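Dear colleague,

Please find the structure below, together with its sequence. I would be grateful if you would read the notes that follow alongside it.

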Amino acid sequence: MSRSAFRVLGPVEVWHAGARVEGIPPRARAVLAALLVDAGRVVPRDVLVDRVWGDAPPPSHAVTVQSTISRLRRLVEPGVADGAWTVLRTRDPGYVLDVTTDDVDFLNFESLLTRARNLARQGDSYAARAAAADALALWHGVPYADVEGDFVVEERRRLDRLEVSAHELAAELDLSLGRHEELVESLSALVREEPLREGLHASLILALYRSGRQAEALQAYDAVRRLLAEELGVDPGPELQRLHERVLRQDPELSLGAGSEAGTSAVPDARIPDQPGQAAYGGPDGIPAPTTRFVGRDHDLTTVAGALGHGRLVTLVGPGGSGKTRLALEVVRRGLVNPQGVALVELAGIDTSETVADHVAVSLGVGVTTGRPIDAVARSIADRPVLLVLDNCEHVVDGAATAVETLLTRCPGLRVLATSRQPLDLPGEAVLPCGPMDVSGASSDAVRLFLDRAALAAPSMAAATADDLALVEEICAALDGLPLAVELAAACLTTLPLAEVAARVEDRFELLSSGRRTAPPHQRTLAATVQWSVDLLGERETAVFEAASVFHGSFAADALTAVTDDEADPASGTASSGTASSGGRPSGRGPTMTALRALVAKSLVVLDHASGRYRMLETLRWFARDRLDEDRQRRLDDRHAAFLADLVDRIEPTLRSAEGIVGWRRLDAEHENIRAAMAHTLATGDALTALRLAGGVSWWCYRRGHVREGREWLAAALDLHRADPGALPPPERSARLRALLGDALLAYLGGDVPVIAARTDEMRRLAEGHDDASLALALVLRSFVDAMVGAVGPDTVTPDPEAWMALAEGSGVEWVQAEIAMTLGQFARAGGDRDAALAHLDRSAVIALEAGHRWAWVSALWVRAKVLIDVGRGDEAMAAIAESVDGAFADGDRTSTLAGLLTAAGAAAAVHQPRAAARLLGAMNELGCRVGYDPLAMDPLDGQSYVEAVRAALGDEEYEAERARGAELDLGAAVAVIDGLAADVDAIA
C-alpha cells in the first residue's frame, strides 16, 4: 500500500505502506478529523477553525492552522518533498483531503453498504451478504473515538445509524439464506442496543418463528409494542403489525420451505424492493449494461441521487465528452434511485425539436393513433413512479423542455434526469454541472480512468511504473480530465507507446481522431464532439467563442469585451475602425456579454462564481484557436496585449496604497494572460507595450516572488525598447522609468550590484528635471544598496537626507516618502546612530500605514529588528521581526517573508535559540531557491553575520542537521516557528 489510508471507525488513524503512522499530536489529529468528515471536498479555513477550536480560536489561527497542516502533510506523506503533496492539498478557500473511496474506511463502508443494498434488490443475497460483512468488518470501535467536538458528535451519530442499518440488512439477508437459528442470539443483542429499530425487531421475530419458537416470537412482538407505547406513545408500524398477524396464523409463506430458493428475500421489508432498475417501458433490456467499468465520481453519484430524491427534474450539464450520459445511467444501474420503472430516451439521433414528443412515445413503446404523442405518453405514465432519462437534449432543447414540462405537470409520480450541454430552463430544475474529472495526482479520477482503459488496450499498463504514472498524469492534465478524451488517449496505446501519446497530446485533435465504431458520430472523435457543440452556436456566439481562445487560464468579462466588442460583424472577418478598449469596466450588457452568457449556458465556457472569472477548457481553447485565420489571430493577440497593458497601467499606481488589494488579486488572476501577452509583444517587436507590461507588473513580481520571470521580461523589454532618451514623449519616458526601477529592485533581490548601478544611473539621467519621485528613488536605491553590500567606490552615492526628503515631498507621493524614511533609518544605523535610526523607522512606519503601503511598513519593522539586534535587545528584535514576517506572509509577499526568515534567525540567535535559527536558515535557503531569490545575496553583511553566529553556537555538525530539518518546512510552518519564538520570549518577559 503506497498511498496513505485513513481510519475513523474507531480511533482516528493514518496508515502508510501497511503500517500505522505513530506520533500524531492531538491537535493535528483533530484537524485531520475535521478534514476527514468532508473527505474529498474542500473544507474552508474558517470552517476548519470553527470545528477544531470552536469559540476559542488561537490568536494567530491562520498561522496555527498552516503550521498544523504542514505537520500533518509530513505525517500523511512521509518522504515527499515539500510542495509535492498529493493527498492534503491547499485549494481555495481552504484545504481538501484528495482521497478515493478505498483510502478512507468510512467511505469504503458506505460504498460497500450501497453495493450490498443494490445486490439485495437484484436478488443476489449471497453477494449482498458478503458485501455487508465486508462493510461491518471495517468497524473497530466508536467512530472518531479519540477526537472531541460538535462536528464529531454529529458525524458519529450519522455513522452509528449507518452501522445499525448495515446490521439490519445483514440480518435480513441471513434470514433469506436460511440462517435463522444462528441469528437469534446476535439479533437479541442488537435489539437491546437499539430498542427502537423496528427492522431489527422484525428480523428477530421472524428468526424466532422460523426456529420453531412461535411463542417467543409473539412475546418479542409484545415486548416491542409495550416499549414503543411507553417510550414514544405510538403503536408498531404497519409492517411489524402485519408480521405479527402472520405469525399468529402461522402463514406458510413465512417459512423457507423446500420450494424456496436461497437468495430470494422473504422479509416483509420495503427496503429491498423488487427489481427497481427494470424498465417499465421501452423494451426488455431497459437501461443498457455497460461494457467497461465505471471509474470514480463517487461524490457526483451521491449528488445526483440526492437531487433526484428532493426534486423531480435534474439536468446534468457539461461540455461534450464530460461523461454526462454515463453518470446518469450509472445512477440508475446502481439503484441509487428507486422508481417503479426507468425509461431511457436517446435524443442524439433526431434532428428537430418538433419530433421530440414522437421520439419519446416510440422509445417508451406508446402507440399513438389519434391526438398528440405527448398526451398519449402522459396517459401511459399516469401517476406511476417512473424515472425518465432524457439523453442529449442540447440540439433539441426547446422540444425537450416542452415535452418535459408537459409530462411533469400531468404525471405527479414522474421524475426526469436529463443530460444536456445547456439547461432546459424549466421551473424547479436542478442544474448539476458534470465537468471534467479531477486530474490532480496519481490517484485522481482521470488517472484511474486512463489506467483502467489502458489496461484493456495494453495489458502491461496493469502494472504501471512510477514513470508511467508521471506520463499519464501529464496526458490527463493536458486533456483537461475530459473522460472521452482520456478514454480515446488510452485507446491509442493499441498502436502507440505511452511516451509517444504523451509527446503528441498537444496535437490532441489529430491524436484522438478515431474511436469506437459503434459510438454515435458526435462521440467517435474529440474533434467531432466539440464540433457538435460549436454547430449549435449562433454567428455572434461563434465569433466570441473563437475570440475567447486568446485568453490563457481564466479571464474577466471586461477583458473579453475589450478584445471582441470593437470587431466588425464576425461574418465579414474584418476589424472595425475602432481601437481596443482601454480596459473599461464590464457593463453586463452588449453583444459580447450576451454571447458570453450563452457560451456559459452551453457549457463551452465555465463561470467560477467565487472569483467572478471565466475559463475555457484547454481542449476547447485549442479547437477555437485553430479556427482563426492568421490575420484575425494576430489582431486578437494585439488587442489582448493592449488590454493588459492598459489594465496594469491603471493598477500599478494603487499597489502601494490601501486600495491596492483589488489590484493585487487581479494581477494574481491574470498571471497566465500576462505571460502570454509578454511572449506575444516580444515576438512581434511591440516594444512599448512590452515595456508597459513588464514595468507595470515588476512590483507585483517583486512581492509575489516571481523574480526570475520578472527579470527576464524586464531585460527583454528594455533591450527591445531602444529609443533616444532626449526624444521620449512623457508617457514613454514614464514607462521606461518604471521598468528601470522594477529591474533595479529585482536585481537588488539577487544582489546584482552592476545591474542596479546601470539601471539607477539611467534613471537619474531620464528623471532629472522631469520626475522628482523617480529621481529620489534612483538616488535612494543606489545609496541604500551600496550601504547594504558594503560597496564603496567613485560612483557611490552619498546620502543627502534633507535633499531626498524634499524631492519626495515635492513629488506628493506618500509611498515614496515612506520608503525614503525607511532608507534613512538604514543609513543612520550604518553610521552608528541607533537612536536616529529608530526615529526614522518609526516615521516611516507611520507614513506607510497612513498611505496603505504595507511593504514599507513591513520593511521598517525588518530594519528595526536589525537595529535592536545590534544593540543587544534580542527580545524586542524578535517581536519586531515576528510582526514584520506575519504582515508580509499575510500579504502574500514571498520575498519579504523570506528576507524576514534570515533576520529572524539573527534574532533567534540573540535570544539563545540557535537550533530554531538554523531551521529558519534551512527553510530560507530551500524556499528561496524555488523562486530564484537568495536573501543572503541581497543582505550579505548582516545575513552572513547571523549565519556565523548560529553556526558558532551549534557547531558544524548540529548546525547542518538542524538546517536540513528546516529545509523540510513550507513557508507557513517557518512563519509559525518565528511566531512561537516571539510568544516564548514574550512569556518570559
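How many bridges join E4 to strand E6 (residues 94–97)? Two bridges join them, and the two strands run antiparallel.

Before I continue, please note that this is a predicted model, in which local features need pLDDT of at least 70 and side-chain atom pairs count only at pLDDT 80 or more, while totals for chains, interfaces and linings use all residues. Residues are numbered from 1 along each chain as its sequence is written, and side-chain values use heavy atoms, with hydrogens and water left out. Helices (H or I, at least four residues) and strands (E, at least two) are DSSP runs, numbered from the N terminus; two strands pair if DSSP finds at least two bridges between them.

The antiparallel sheet

E4 and E6 belong to an open sheet of three strands with the order E4-E6-E5 and antiparallel pairing. Strand E4 (43–44) and strand E5 (88–91) are at the edges with a single partner strand each, so one side of each has no neighbour in the sheet. Pro44 stands opposite Gly94 in E6. Helix H1 (residues 26–36) lies across E4, E5 and E6 and runs at about 75 degrees to E6 (axes are lines fitted to C-alpha atoms, for helices over the stretch in contact, and angles run from 0 to 180 degrees between N-to-C directions; contact means heavy atoms within 4.5 Å).

The parallel sheet

Five strands form a further open sheet, in the order E8-E9-E10-E7-E11, with parallel pairing. Strand E8 (341–346) and strand E11 (429–433) are its edge strands, each pairing on one side only. Strand E10 (residues 415–420) has five of its six residues buried (under 20% relative accessible area, with a 1.4 Å probe and protein chains only), so the rest of the structure largely encloses this strand. Strand E7 (residues 313–317) pairs with E10 over five bridges, and Leu313 has Val416 as its bridge partner in E10. Strand E9 (residues 386–391) is joined to E10 by four bridges; the partner of Leu390 in E10 is Ala418.

The helix pair

The axes of helix H37 (residues 834–851) and helix H38 (residues 854–870) come within 8 Å and cross at roughly 160 degrees. H37 and H38 are therefore roughly antiparallel to each other (an angle over 145 degrees). Among the residues that meet are Leu838 and Leu841 in H37 and Trp857 and Val863 in H38.

Yours sincerely

Terms used:
Buried means under 20% relative accessible area, exposed over 50%, partly exposed in between (1.4 Å probe, protein chains only). Angles under 35 degrees count as roughly parallel, over 145 as roughly antiparallel, 65 to 115 as roughly perpendicular and the rest as oblique.
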